[in-house]
Each structure stands twice: as structure tokens, then as C-alpha cells.
Amino acid sequence: MKRAAIFFIALTIPAGLPSQEATDPGTTRRPNILFIAIDDLNDWIGVTQGHPQSQTPNLNRLAGRGVLFRNAYCAAPACNPSRAALMTGIAPHQSGVYLNEQPWRKALPDAVTIPQYLRKGGYTVKGSGKIYHGAYPDPRSWDEFFPSKRQQKPRDPLPKQRPINGIANTRHFDWGPVNVKDDRMGDAKVANWVVEQLGKKHQQPLFLACGFYRPHLPWYVPKKYFDRFPLDEIQLPKVFGDDLQDIPEAGKKMAKPGGDHRKVVKHGQWKQAVQGYLASIAFTDTMLGRVLDALDASGQSDNTVIVLWTDHGWNLGEKQHWRKFALWENTTRTPLMIIVPKGTPGLLEGTSKGTVCTRAVSLLDIYPTLVELCALKPKPGLAGRSLVPLLQDANAAWERPALTTQGRQNHALRNDRWRYIRYADGSEELYDHQADPHEWRNLADESKHTNVKAQLSHWLPKTNAPDAPKRTRQKKK
């Protein structure tokens, strides 16, 4: 205990850091930012009640400290375009980065990312783990990064024989326990490094990014996390018969019911997959707890804005679909939490504890929100809108729906009640979340909803950028 107490030395933030980016040169208190990203996590956490068996005490306690945005949506339901949009503030339909195979920095060579903009405003910017898509790290974004500026993710231990689930030829679509201790896992190494940074002194305000990889596939985590969810007690997601019957062909093409879902059912692995996902969430929640404990021990929690986000949702058999890569609720909805301490320049009163906001917001809104909270000059050209009004009043007016894009000209719009999808071929889906939270009934062809579709379609992009170039793989000599 003595050693731990010595380790967590309080961060020190000098007063009145001069910066040409600050809106108020006389600002005497600039907050640190703890920026936590979790990969592939849907709403299966306790506070969002996405699955009744999920065990997430640390996500729950973090939500209890500030504002939980219950209806937050990604810019794209895939790692690369979602993260690129969030970090640059440029939407997929503006950049042309729609897919994982499109290197975002080549498409946006002059884009200024969140850490770059904060660095200009006087921040030290550090990070670890998966912040950008794994194939496309961005060295110019960071002063320091672990494991390195060109390798975001520490390596994970793998089981001796793969696949564990018996489903062949599906790459990393696999799940099962690994017989290792927590500290062997890549996310544990990320947590350790972040904890170390929280125990250091910094001469400037700190932007510290912490990117957890699980519950991204493959779902390999220590056995003790699987043991928390006995297989004979696993509850499967709620599904509705042939839920694809009223879906247009463009939507069915995204779902690929003859792919992953057919294989999972054929091999009798549905419960095992749900177990693996729940186990991976529980593991990540434990790693998050270590980081939160370190922040509290540092003495700087009252001077640190915390933002926790996930890059998109996930399907586990709903609509016969697995993974992300679709425009429905489960694949596009993400947990978003923001905690702001009192005295923060952009929100002097701070956030009320345990507040839940049900407005439909976008992950694109994070960039302008941080700019305002850090008292920096507004950055022109950002696609999002600052969430500070909702941090002040969760019921404040919020007219703009959240836009999600999957591939060029395929868009979904979500407001407090409706989800409207329009595919590139003009086909549509419409769901009333007041009556149909599982999106089992497509109302797009019902004439009585013509006005609803017209109102939402007003927010569709007027232009759609051409596809950015895809990654070219060098042939082995």
C-alpha cells in the first residue's frame, strides 16, 4: 500500500498557460482529458440494459459520475471510418473514407486531429492502445504513444489450437478462454501504461488516450471471465422469426444471413459466442476499473474531463447478422459518457452525477465538445456540434438527427423516435422506436409515414464524396 501511495503522485497543472488557441488568455484552470475508447462494444452494459447478464460495475460507476448519452450513434459502423471521423471531425460523406480498407490519412493529409488541435492549445498529448484503426496509426497525432507511434496495440496471447469454436475459414471469428493471467493481455498492458502516466507530473494540461481492444474479435480472454457466465444460463438476444422478410435487398446484402449466422447456428455456437462477448466485456470493464482507480488515487479527478466512447455497436444474431457493417440500431448505437468536473472553463458548473440524456447524438459531436470544454477557439469545418448544451441540460432542444453512413450513399438517420435508412439504390427502411425498439417492422412503405420520411430525408447529405483509394498490399518477393 505504501508503494502504491508513492506511485500515484498527483498531476500538477500550472495556472494561466498562454496559448494563441485559447479563447480566454486569462483562463487559470485548464482540464486534463482522459479519453477512453472501447472497440466493438454495443449497449450490453448494465446502465444501458442491452443484455440482462452483462457485468460492468466500472462502466456503471463511470456513468454515475456524469452524463450517459443513451442514444449516441457512430458516424460509420466500422472501425476505420468511425474512428477517422471522430478524430478528425470530418464525416465519411465528406472524406470518402467509408470502409476499413481506405487509409484515412492518405485521404485527409491536412486534417487536424483532436490531439493535434489540443497540442496547439498547449496540451501534452499521449496515448496507448487502439485509438485509430489498427492498420492506420497516426504518429503525427502524439507526443508519446505506447507501444509506439506506429504500433498502437500490444500483442495478445493466443490459444495453442485455433479455431476454438470449430468454425473453420472465418479468420478471427472465434471465441474461447486463454489460460493466462490478466497482465499477459494487451489491454492490461495498455491499462498499466495509462496508470503510469496518471502517476506522473506534467507541466502542461494532459490529453491522455486509452484505447481498449476487447471486446473486438477474437474473444480470447482469461478463463475466469468465461466462468462468470455459465453456458447453460446464457440468454440469447431477442430475435423475431424471419426478420429480414421486409428488408430491401440492399439491407439483406449487408446482413449476409448465409455467412456468419448460418455457420454459428450450424456449429451450435450461438450461446458460446454470447458467452465470449460477455466475458470480453467483463474483462475490459476490469481494465477500465484499474484506470479509474488510478485517476482517483492521483488526486486529479476533480480537474479531469473523462470521455468514454465506443466506435460502433455490434449484432450477435439479430436480423441473422453478426458483427457491425450495417445501418440498424444494434450496429450503430454506442455507449457515450462524459464527465466534467466543476470549474471547467467550458462548463463551470460541471456535469450532474448520474444524468441520462436520451437525445440522439453523434460521435462526431465529441471533437467540438472538447474544444469548448478546453476553452479553445472553435475549430472551423467540424461536422459535429458541441454537446455542452446537453451537458448543462439533458432535455435541451436538439433538432439535428444523428447520421450514420455505411458505404457511399447508404445512410441512416436517427432522432429521438425514428430510424430512417436510405440505401444507394433508393430503397428504404423506417422504424418507430416508441412502438418497435427492436426494429422488427419496417414501416417505409406505409403512406401514413410519408411526412416522417420527408422530414428526416432533409438531413441526408446533399453530396457524397467519391470513395477514397483502398489500401494496396505489397506482393511478397
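Strand 15 covers residues 411-414 and pairs with strand 14 in the antiparallel sense over 4 bridges. Strands here are DSSP runs of E with at least two residues, helices are H or I runs of at least four, and both are numbered from the N terminus; two strands pair if DSSP finds at least two bridges between them.

This is a predicted model, where local features need pLDDT of at least 70 and side-chain atom pairs count only at pLDDT 80 or more, while totals for chains, interfaces and linings use all residues. Residues are numbered from 1 along each chain as its sequence is written, and side-chain values use heavy atoms, with hydrogens and water left out.

Zooming out, 4 strands make an open, antiparallel sheet in the order 14-15-16-17. Strand 14 (402-405) and strand 17 (428-432) sit at the edges, each pairing on one side only.

## A helix on the sheet

Helix 15 (residues 450-457) packs on this sheet and touches strand 15, strand 16 (418-422) and strand 17. Contact means heavy atoms within 4.5 Å. The direction of helix 15 makes about 75 degrees with that of strand 16; angles run from 0 to 180 degrees between N-to-C directions, with axes fitted to C-alpha atoms, for helices over the stretch in contact.

## Two packed helices

Helix 7 (residues 186-198) and helix 11 (residues 270-298) pack at about 5 degrees, their axes 9 Å apart. The pair is therefore roughly parallel (angles under 35 degrees).

Conventions: Angles under 35 degrees count as roughly parallel, over 145 as roughly antiparallel, 65 to 115 as roughly perpendicular and the rest as oblique.
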